[in-house]
Amino acid sequence: MEYVLYYGLGINLFTYVLFGLDKVKARNKKWRIPENTLFFLSFIGGSIGALLAMKKFRHKTQKSEFKNVIYLILTIQLALLIFILWQLYIKT
């Protein structure tokens, strides 16, 4: 269980940093991190880091489709977490 916590912290920190880096690149008109990469990082556990970075850096907040996908990913992850906890702790 400890590894799950470390993974969650690491992937969210990494996602947060990449969103911030993408914002810097956008301001400087440099090569950008593809949206699919940002979605993938969110999907594999970095959705909280993504949302925090979007709020902090005001990045991708005007793109409602992008925000909706991130919120959908987070919703699915929370539902999955609740299901797993239900199976492990309440149902036994």
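1. A word on terms to begin: helices (H or I, at least four residues) and strands (E, at least two) are DSSP runs, numbered from the N terminus. The expected span of a helix is taken as 1.5 Å times one less than its number of residues. Please keep in mind that this is a predicted model, in which local features need pLDDT of at least 70 and side-chain atom pairs count only at pLDDT 80 or more, while totals for chains, interfaces and linings use all residues. Residues are numbered from 1 along each chain as its sequence is written, and side-chain values use heavy atoms, with hydrogens and water left out.

2. Here is the overall picture. The protein has three helices and zero strands, and its elements run α-α-α from the N terminus on. Along the principal axes, the C-alpha trace spans about 55 × 25 × 20 Å. Of the contacts (heavy atoms within 4.5 Å) with a separation of 6 or more, 68% come from residues 24 or more positions apart.

3. Next, burial. A residue is called buried under 20% relative accessible area, exposed over 50%, and partly exposed in between, using a 1.4 Å probe and protein chains only. By that scale, 29% of the 92 residues in the protein are buried. The protein exposes about 6,900 Å² (Shrake-Rupley method with a 1.4 Å probe; for residues, only the protein chains shown count as cover), and carbon and sulfur atoms supply 69% of that area.

4. Helix 1 covers residues 2–27, and its 26 residues reach 38 Å from the first C-alpha to the last, close to the 38 Å expected. Its buried residues are Ile11, Asn12, Thr15, Leu18, Phe19, Gly20, Asp22, Lys23 and Lys25. What covers them includes helix 2 (35–57) and helix 3 (64–90).

5. Lysine 29 sits in the loop between helix 1 and helix 2, and has a positive phi of about 55 degrees although it is not a glycine. For background, most residues other than glycine have a negative phi. Lysine 29 is also exposed, with a relative accessible area of 76%.

6. Helix 3 has a span that fits expectation too: its 27 residues should span 39 Å, and its end C-alpha atoms are 37 Å apart, which agrees. Phe66, Ile70, Ile73 and Leu74 are buried in helix 3, and their cover includes helix 1 and helix 2.

7. Which residues make the nonpolar surface patch of about 1,300 Å²? They are Met1, Val4, Leu78, Leu80, Leu81, Phe83, Ile84, Leu85, Trp86, Leu88, Tyr89 and Ile90. Patches are made of residues with over 30% relative accessible area and no salt bridge; like charges are joined within 9 Å, and nonpolar side chains (Val, Leu, Ile, Met, Phe, Trp, Tyr) within 5 Å. Helix 3 gives the most to this patch, with 10 residues, and leucine 80 is placed in helix 3.

8. On to the rings. Rings of Phe, Tyr and Trp (its six-membered ring) pair if their centres lie within 6.5 Å; planes under 30 degrees apart count as stacked, over 60 as edge-to-face and the rest as tilted. There are three aromatic pairs by this rule. Tyrosine 16 and phenylalanine 57 form a tilted pair, 5.2 Å centre to centre and with 45 degrees between the planes. Tyrosine 16 lies in helix 1 and phenylalanine 57 in helix 2, so the pair ties together parts that are 41 residues apart in sequence. Tyrosine 16 is partly exposed at 25% relative accessibility, and phenylalanine 57 is partly exposed at 26%. Ring pairs also link Phe19, Phe39 and Phe66 into a cluster.

9. Finally, the charged pairs. A salt bridge is a side-chain nitrogen of Lys or Arg within 4 Å of a carboxyl oxygen of Asp or Glu, and the count comes to two. In one, the side chains of aspartate 22 and arginine 32 meet at 3.0 Å, N to O. Aspartate 22 lies in helix 1 and arginine 32 in the loop between helix 1 and helix 2, so this pair ties together parts 10 residues apart in sequence. Aspartate 22 is buried at 0% relative accessibility, whereas arginine 32 is partly exposed at 32%.

10. Glutamate 35 and lysine 63 form a salt bridge at 2.3 Å, N to O. Glutamate 35 lies in helix 2 and lysine 63 in the loop between helix 2 and helix 3, so the pair ties together parts 28 residues apart in sequence.
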